[in-house]
Amino acid sequence: MDLLEPFATFIGPRGDSLESGATRLVRRLSGLRTVFSDQQACAAVLSRDDPVIYEVLVAPVPETEGHLCHGVTVLLPGRVGDEYFMTKGHYHRKSATGEVYYGLRGTGLLLLQTRQGDWRTIEVAAGTVAYVPPHWGHRSVNTGEDPLVLLYAYPGDAGHDYDTIEATGFARLVVARNGRPAVVENPRFAPTQVR
Ligand code: S6P
Ligand code: ZN
């Protein structure tokens, strides 16, 4: 039996520093062009700058059965056109696996949907424990003025399916209307055919 040495990671007061050999993934707008619906607004931002949209600090846990992958997502505040900064979003490749999020800082929405197009939102703020049940695709959206910082944990063998979201989009968009977040229909959403 391979025993992994128990370890802890330190999360700083801003909820954004994870030490102990954590890997930092940086997602900039240039790598998220297909995520935002307003392509003109996206191109306009990219003509000036390539802003960081979010970072993921990943604790060093094997991505295998039995382990609990965990880390912290730091999603910056901002918009592309009317649309708030958000993560790519994904289903778990092993679809029957859930995930827990814990809000450390900021405010936002978790956008959840099934492959058939049923959708939900969960408001998240510091102290929110949000549960993503198996089979629900998920994306985080920062609707506030501060970074949205979320701790996450999911089964090590869950894997990530980004291709489906890339192909179908999300059923709903989170946009600013009169300065407030609104959840509106995505006219380009194409639910996956039930096989
Ligand atoms: C992984 C978990 C989060 C996301 C992170 C970035 O299952 O849901 O760690 O990876 O929030 O989102 P995304 O969609 O780019 O992986
Ligand atoms: Zn996930």
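First, the ground rules. The model is predicted; local features need pLDDT of at least 70, side-chain atom pairs count only at pLDDT 80 or more, and totals for chains, interfaces and linings use all residues. Residues are numbered from 1 along each chain as its sequence is written, chains are lettered from A and ligands numbered from 1 in the order in which they are written, and side-chain values use heavy atoms, with hydrogens and water left out.

Start with the metal. Which residues coordinate the zinc ion, ligand 2? They are His 90 (NE2), His 92 (NE2), Glu 99 (OE) and His 138 (NE2), at 2.1 to 2.3 Å. A donor here is an N, O or S atom within 2.8 Å of the metal (3.2 Å for Na, K and Ca); water is not among the atoms, so sites may look incomplete. Along the chain, the donors of this zinc ion follow the spacing H-x1-H-x6-E-x38-H.

His 90 lies in the loop between β5 (83-84) and β6 (91-92), and His 138 in strand β11 (residues 137-142), so the pair ties together parts that are 48 residues apart in sequence. Strands are DSSP runs of E, at least two residues, numbered from the N terminus. His 90 has 10% relative accessibility and counts as buried. His 138 is buried too, at 2%. Buried means under 20% relative accessible area, exposed over 50%, partly exposed in between (1.4 Å probe, protein chains only).

Now the geometry. Ideal angles for six octahedral donors are 90 or 180 degrees.

Next, ligand 1. How many residues surround ligand 1? The shell holds 15, and the closest are Tyr 54, Gly 89, Glu 99, Tyr 101 and Tyr 162. The cut-off for being near is a heavy atom within 4 Å. Three strands, β2 (52-58), β7 (99-105) and β12 (148-155), each supply at least two residues of the shell.

Oxygen atoms of ligand 1 make several contacts. A polar side-chain atom of Tyr 101 is 2.6 Å from one. A backbone N or O atom of Gly 89 is at 2.8 Å. For His 92, a side-chain N or O atom lies at 3.4 Å. A polar contact is a pair of N or O atoms within 3.5 Å. Alone, ligand 1 exposes 390 Å², and the protein buries 96% of that. The areas come from the Shrake-Rupley method with a 1.4 Å probe.

Now some single residues. His 135 is in the loop between β10 (129-132) and β11, and is partly exposed at 44%. Asn 178 is in the loop between β14 (172-177) and β15. Is Asn 178 buried or exposed? Exposed, with a relative accessible area of 81%.

Last, the β15 region. Pro 181 is in that strand (residues 180-185) and is partly exposed at 45%. Its C-alpha atom is 8.3 Å from that of Tyr 84, 97 residues apart along the chain. Asn 186 comes in the segment after β15 and is buried at 9%. A polar side-chain atom of Asn 186 lies 2.8 Å from the backbone oxygen of Phe 170.

Methods
Helices (H or I, at least four residues) and strands (E, at least two) are DSSP runs, numbered from the N terminus. A polar contact is a pair of N or O atoms within 3.5 Å; within protein, one must be able to donate a hydrogen and the other to accept it, and residues adjacent in sequence count only if both atoms are side-chain atoms.
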